Each structure stands twice: as structure tokens, then as C-alpha cells.
Protein chains: 2
Amino acid sequence: VAAARLHRARGRLEAGLTLVEGPHVLAEALSCGIRPETVFYLEEDGATPELIAAWPGADVELVPVTPAVLARVAGTEHPRGPVAVIPVPATEPASGRDVVMIEVGEPGNAGTLIRSAAAFGFDVVFSPGAVDPWSPKVVRGAAGGHFHARLVDATSLHGRAHLVSVVADGLSVDQAMSALDGPIVLVVGNETRGAEPVRFGSTAVPVTIPMVASLDSLNASVAGSILMYEIAKHRAAFSHR
Amino acid sequence: VAAARLHRARGRLEAGLTLVEGPHVLAEALSCGIRPETVFYLEEDGATPELIAAWPGADVELVPVTPAVLARVAGTEHPRGPVAVIPVPATEPASGRDVVMIEVGEPGNAGTLIRSAAAFGFDVVFSPGAVDPWSPKVVRGAAGGHFHARLVDATSLHGRAHLVSVVADGLSVDQAMSALDGPIVLVVGNETRGAEPVRFGSTAVPVTIPMVASLDSLNASVAGSILMYEIAKHRAAFSHR
């Protein structure tokens, strides 16, 4: 099946397409205006044709397949639901919102950060060395977050202050934010290499999450999510209920 | 190799042993008093015998193996470092610290929560329906957190107030904590089923992380980690640097 090639970065780049798996993520994509080219589903799965029929404008090729073919397309042993081939949306210019710059390499961490960005109102940019944001594993990890967060161009971020997540000896978010004007870029470094504030010029500010046991560190997606949460709180973007 | 059976829950239960992979996690285990029974390592890997020799009290069987055997023991295709067979430590009685009760089923999420518990000073308890905390995948995800966090008995938690993470309509952590005395139990529910506050009796308090986009939810390990962070801040367990 040609769609299985979309598990490789080169296949996605050449085709401009990627894969989303499962009824939940597919429903999120459809409700956010994404129109799949093809949807593979199990012959006995009646829900998927119904889901597609609920979006009458969509010109979707529906392909019933066997479990073995679906597993091949999904790239997982026991896919639970449909697998859809969707066009990779173009990145957008940055808006006036804060941005999280993701440098992580692990697909699950990247997906989790996109999901948190959607929850806390951040735009998203991926560094060249990071995992591909449209890898099917990242899309799965984000659980629909791709269709609520905006993926933006790095080029439009020049001149912004960069807050860089570091394991120790950085400022608190409140200390860093109180000295800054305008939307910022939060940098979440690679899992093993971290991020060096100096790479982001003289406006870069190291920020650190306080911990009880300073020997320990946090998972990169947890650290990035806590910092987005703190920045959103500082912006008074939401009020406690 | 008999050690490969430790990837199954039954094999671990019968043997009272589990596996840890990689030089970093093994070093963390050794420094926290864990003594492996056996360490498998690649013949050309000189660092592992040196690491073991640095702990002279340890009566460790060192077994040089081929990459194929190491992959079999590790249960991953390309294990990077040694794989050690270690005894599963017994759970301890709860101390006076706050506890996170983990109900998640995904090994990566469980490991991430253990890592955050170590960072924010929480004891840890696993629900019967959750993933096994000593599954090698959970140990890998926690990156050494198992050896810094305390895994405690659920039986010693009767009478404590339970804060239950819910997606919407709960109190803020500050609202919930200001009405409570003594150490609490934070419940992080299963990824798909969530946690019902009523299951934890009349002392249960639903808590919710405020979000910009209330349609979206957070990854379970992110939500649990943000709540631990907020509770630790409320306790003034650490001061911002």
C-alpha cells in the first residue's frame, strides 16, 4: 500500500501527505476543516463511513480493508480505528501569540507538547533538528492537538525575547516575564542535549522550574508544559474556576 | 535467556525481579542502594564493568553478551547499554508526604509521573488497574525516578483527603488545598476512563487545570505533573530562585 510510505519523512515530504489514526483524531481533523484524500477502515467498521458522511463537502475515497492491510498502513500491530491520508497543512505566519519552539526528538514528547500548546494557547514552531511534527507517531501523541494549535514559521519570530528551559539556575517564569514586553518564544530543548540560551542571542533568558530534589530532572514534555502553563497564568489568559 | 521473561508481569511477580536498561538508570539504581543480581553488557563495552567495580559491596554476576542476546534481554531492537536484573523493592508504609495515586495504563505516562513525583517530593502509589510500576518500560520512562521516589502501600492512606484530577469543572489547586489539613492523595486517572471523585468517598475534591481552550485536554502525565507542581508550590516546598 502506497500510504505505508508516509511513515517515512521522505515519503511525507514528496507527497505532501501524512496519516492520522483512530476515530477520535480523525473526527478532530474533520471538525477543524481538514479533508482526507483517502480513509482506510475495517470492513465491519460501520462508524467510519458514517463519520465521513457527516461532512458532505469532503471528497473522500473510502477503502474497506482487512486487519492485515490496516496494520500495514497504520504501522502499528493492532490499529483500533480508521487510518486517514490527509494533506499536511502549510505553516502559517506567527500571530501575536506566545510561541513554543520544540527541539525534542522523541515523537511522544513532541505530540504531548503540541497538545499542551493547544490547551494553553501557544503557537508552535519546530526546530530543524527536531522530530517531524507531522510524523504519524507525533500526530498520535498529540491526540488531535495539531488541529487546534497553529504551526507557524520560524522566520517571523526575529526580535522576540526567547525564554529557554534549563534544568538548573534559570529565573522563574514570573521573574523572566515581568521584565519583558510582547509575545515571547519558549524554547524546549532536545531530551539529551538540552538548549543553550546563548544560541538565541542576547535577548535569551534561561528559565527553570523549581524542584524539591534538584538532582532530578523532568521529562522534556512535562517541563515544557509546566512552563507554558506558568506563562499563560502570568498573561492571565485564563481565570481559575 | 531467562531474564527475557521479566518483560512479562507474571515473570516479574514469580521472580521478584525486574530489568533496568542503560548506563544512566543503572548508575542511579546503584547510587540509591539497589544491588543487581546480573548485568548483561556488550563485550566491547568497557564502561559497565568499571561502573559495577565502583560499588565494591555488590555481588554482581557480569555477563558479556552479543548484540543479539542483549536485544533479546532488553526487549528493544537497539539497546544502548547494559541491562541489569534487579530485585523489585518492597513498597514502604506512607510517610507524612503528599502521595500521587497513579491509575494510568500507558507505561511512558506512568514513568513520567514517577519522575515528576521524585522532582516534586511526592510519594507514589499505583492502583490495582494501572500498569505495573516495575515494568521495564515504566522504569525506562522514569529515567531513574524509581530510585528517588518512594513507592508506598495504599493501605496506609485511609482518612486522607483525595484530590482527583478531572478535565473540567473542578476547583483550582489553591482553592482545594486551602480547605484541607495534612498530607493529601492526588489521583491521576486512567487515560481513557478518567477518575470519578465519588469512588474516593466524601473527602474527595475534584481539581482542574485551567486551560485557554476548554475543548482540549492534556496528556495524563502532564496533567498529573502540573498538579503535583501546584501542590508543592502551595506547600512552599521550594522557593523560586
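## Helices H5 and H8 in chain B

In chain B, helix H5 (residues 107–120) and helix H8 (residues 220–234) cross at roughly 10°, and their axes come within 9 Å. Angles under 35 degrees count as roughly parallel, and H5(B) and H8(B) are therefore roughly parallel to each other. The model is a predicted one.

On the H5(B) side, the residues that meet H8(B) are B:Asn109, B:Thr112, B:Leu113, B:Ser116, B:Ala117 and B:Phe120. Their partners in H8(B) are B:Ala220, B:Ser221, B:Gly224, B:Ser225, B:Met228, B:Tyr229 and B:Ala232. Sorted by class, this contact of H5(B) with H8(B) has seven nonpolar and six polar residues, and no charged ones.

## Helices H5 and H8 in chain A

For chain A, the axes of H5(A) and H8(A) lie 9 Å apart, and the two helices pack at an angle of about 10°. That angle makes H5(A) roughly parallel to H8(A).

H5(A) brings A:Asn109, A:Thr112, A:Leu113, A:Ser116, A:Ala117 and A:Phe120 to the contact. From H8(A) come A:Ala220, A:Ser221, A:Gly224, A:Ser225, A:Met228, A:Tyr229 and A:Ala232. No charged residue takes part in the contact of H5(A) with H8(A), which divides into seven nonpolar and six polar residues.

## Extent of the interface between chains

The size of an interface is often given as the accessible area lost when the parts come together. Between them, chain A and chain B bury about 3,200 Å², with 58% of this on carbon and sulfur atoms. The contact draws 35 residues from chain A and 36 residues from chain B.

## Polar and charged pairs across the interface

Ten residue pairs are in polar contact between chain A and chain B, counting pairs with both residues at pLDDT 80 or more. Helix H5 (107–120) and helix H8 (220–234) of chain A each supply at least two residues of the side that touches chain B. H8(A) gives the largest share of that side, seven residues. By class, the side of chain A that touches chain B holds 15 nonpolar, 14 polar and six charged residues.

Two salt bridges are found across the interface of chain A and chain B. In a salt bridge between the chains, the side chain of B:Lys233 meets that of A:Glu230, with an N to O distance of 2.8 Å.

Key. Residues numbered from 1 in each chain as written. Chains lettered and ligands numbered in written order. Predicted model: local features only at pLDDT ≥ 70, side-chain atom pairs only at ≥ 80, totals over all residues. Heavy atoms only, no water. Contact = heavy atoms within 4.5 Å. Buried area = accessible area lost by both parts, 1.4 Å probe. Salt bridge = Lys/Arg side-chain N within 4 Å of Asp/Glu carboxyl O. Polar contact = N/O pair within 3.5 Å; in protein donor to acceptor, adjacent residues only side chain to side chain. Helix = DSSP H or I, 4+ residues; strand = E, 2+ residues; numbered from the N terminus. Nonpolar A, V, L, I, M, F, W, Y, C, P; charged D, E, K, R; others polar. Axes fitted to C-alpha atoms, helices over the stretch in contact; angles between N-to-C directions. Parallel < 35°, antiparallel > 145°, perpendicular 65-115°, else oblique.
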